[in-house]
Amino acid sequence: MSADNQGVTAAERSWAVDFSARIHNKHAAELNELRTAMTEAPRRGEPRHLGRRQHRLGPLQSFEDASVQLTMVAESVELGWFTVGPAPAGMCLTVSIAAHQKDTGIQTSLPLTECDAWLQALLGGQWMLHAYRCGCATGAASENVVSYRLYLDAARKPIRKPEEVLADACLPLQP
Ligand SMILES: [Zn+2]
């Protein structure tokens, strides 16, 4: 295990995979629908705002805390949204997870392990390898919101963050 593995042990990792499998088992249909919606090509004739689209899933019950509900919001934009000059073809997906108390609606936070598990349940293992945790100002709307990014090429295959994209606080989830 490499030194930059952020102290995640093999046992923790396999627990996380199991956790995301449980989430996926319970919410497969909704998660598949969200994944399809957020990765589809912009429709022809659709009003263009650099192809910006937003999809929402929730409220969903937290697996760790029955009194907490979460909402996932996936936003897709063309890579040009994040560049000053010319941008490569492709898109950036931002998946944000927000949580609130079920009874009061007050915003709360979810453990990162649960957020990671929801993302993995949404993306699947292969795409998860290309995901970034996003701490960019353009990512999360508030402190309690956990954001992730995924960069896709023109063929909608996950890629490393292109150099042209200004997103210094996007850190790879997988070392
Ligand atoms: Zn970022």
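Residues are numbered from 1 along each chain as its sequence is written. Because this is a predicted model, local features need pLDDT of at least 70 and side-chain atom pairs count only at pLDDT 80 or more, while totals for chains, interfaces and linings use all residues.

**View 1. Helix α1 packs against helix α2.** Here α1 spans residues 10-39 and α2 spans residues 112-123 (helices are DSSP runs of H or I with at least four residues, strands are E runs of at least two, numbered from the N terminus). Their axes, lines fitted to C-alpha atoms over the stretch in contact, lie 7 Å apart at an angle of about 50 degrees, on a scale from 0 to 180 degrees between N-to-C directions.

**View 2. Residues of α1 meet residues of α2.** Contact means C-beta atoms, placed from the backbone, within 7 Å. Among those taking part are F19, I23 and L31 in α1, and A117, W118 and L122 in α2.

**View 3. Helix α2 is largely enclosed by the rest of the structure, because ten of its twelve residues are buried.** Buried means that 20 or more other C-beta atoms, placed from the backbone, lie within 10 Å of the residue's own. The buried residues include E114, C115 and W118. Around them pack α1, β2 (68-78), β3 (91-101), α3 (125-128) and β6 (146-152).

Definitions and conventions: Contact = placed C-beta atoms within 7 Å.
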